[in-house]
Amino acid sequence: MPKRTGYVYDDIFLDHELERGHPESPFRLAALHAAVSESGLLAKLTCLSPLGDDALITGQIALVHSPEHIQRVLATGITGTVALRAVGAVLAAVDAVAGNERLVDNAFCAIRPPGHHAHNNVNKDGYGQGEGFCFFNNVAIGARYAQRQYGLGNILILDWDYHHGNGTEDVFYRDPTVFYFSTHRLNDYPGTGSPQRIGDGAGKGYNLNVPLPSPGDIFGRVTDDDLLAAFDNHLLPQLETTGFVPDMIFISAGFDSRKNDRLGNFSITDEGFSAITRRVMTLARTACEDRIVSVLEGGYNPEGLALATCAHLHALMESTEKLKMPW
Ligand SMILES: [Zn+2]
């Protein structure tokens, strides 16, 4: 039986370190990969390698970031090399999911550094630390690559990281071909993510921020039901309203929204991540022949990150039904 789900990983992602003891550490990914291996999951996945063609990768990064930004990141040495390879991992996943031979139905990129805070242009605060531990916006670049390389017109990006993906929002704010949906804590880093930010110009209606907890929740807890309700009661109706039918779905899979995270304070469980994954898969089955590329963002409790990722991967390997959408 063909293996349904791709898994992109490389030991090079352990080589970048912001500073000793920093929560965005190599230990996160080491714990994740060990759990995927030791649980037996790895044998059931199609292992993929990041693209190695630096010129090709840099060319795709230039669709999102300024030449100045790219030069500054690459000049950081090993961090730049690792950040480049992280983008290469997402491009490899897009090739496997969107290419003619359809190597896999969907794929997960076990990579670092994360990407969704990385802006399209120079940030006066600097790089990495100044952009929420991010250097290149892995998912935004992957979305542009899928459009350019494979002619996929409409891309949906679904971001369940605890933090708002301000970089991704910025890149596509005026673009009606990329729909950005985010659940996040409003009053935390980076301070963006207001539900009033709905996109601009032709992109109006294609940016959807759903801060959690909802203003009516006096206890301020965020559970699995809140995350699933954001998908059911906000995302699906807005897709209907706008008539947006994705040709491919990216997930900014941040697991700092999981319970017991070092930086996040939501209470999403591993079962919750399974359930939201199944929701996304039914949408992908309905709209876009199962095409999903899921990309690791945050998640700062290595043990929790490993468990949540295994739950996410298990769900990605399941089969799904179609949704009843008006398209
Ligand atoms: Zn985060």
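# Working through the sheet and its helices

Helix 7 (residues 224–242) lies across strand 4, strand 5 and strand 6, running at about 160 degrees to strand 5. "Lies across" rests on contact, meaning heavy atoms within 4.5 Å. Angles run from 0 to 180 degrees between N-to-C directions, with axes fitted to C-alpha atoms, for helices over the stretch in contact. Helices (H or I, at least four residues) and strands (E, at least two) are DSSP runs numbered from the N terminus.

This is a predicted model: local features need pLDDT of at least 70, side-chain atom pairs count only at pLDDT 80 or more, and totals for chains, interfaces and linings use all residues. Residues count from 1 along each chain as its sequence is written, and side-chain values use heavy atoms, leaving out hydrogens and water.

**Exercise 1.** Work out the strand order of the sheet and find its edges.

*Step 1.* Follow the pairing, where two strands pair if DSSP finds at least two bridges between them. You get eight strands in an open, parallel sheet, ordered 2-1-3-8-7-4-5-6.

*Step 2.* Look at the ends: strand 2 (46–48) and strand 6 (207–211) each have a single partner strand, so one side of each has no neighbour in the sheet.

**Exercise 2.** Describe the surroundings of strand 5 (178–184).

*Step 1.* Take one side: strand 4 pairs with strand 5 in parallel over five bridges, and Asp-159 stands opposite Ser-182 in strand 5. With helix 6 (residues 166–172) between them, strand 4 and strand 5 make a right-handed β-α-β unit (with the strands pointing away from you, the path from the first strand over the helix to the second runs clockwise).

*Step 2.* Now strand 6: five bridges join strand 5 to it, again parallel, and Tyr-180 has Asn-207 as its bridge partner there.

*Step 3.* Check the cover: seven of the seven residues of strand 5 are buried (under 20% relative accessible area; exposed is over 50%, partly exposed in between, using a 1.4 Å probe and protein chains only). Val-178, Tyr-180, Ser-182 and His-184 point one way, while Phe-179, Phe-181 and Thr-183 point the other.

**Exercise 3.** Pair up strand 7 and strand 8.

*Step 1.* Strand 7 (residues 248–253) and strand 8 (residues 292–296) run parallel, joined by five bridges.

*Step 2.* For a landmark, pick Ser-252, which stands opposite Val-295 in strand 8.
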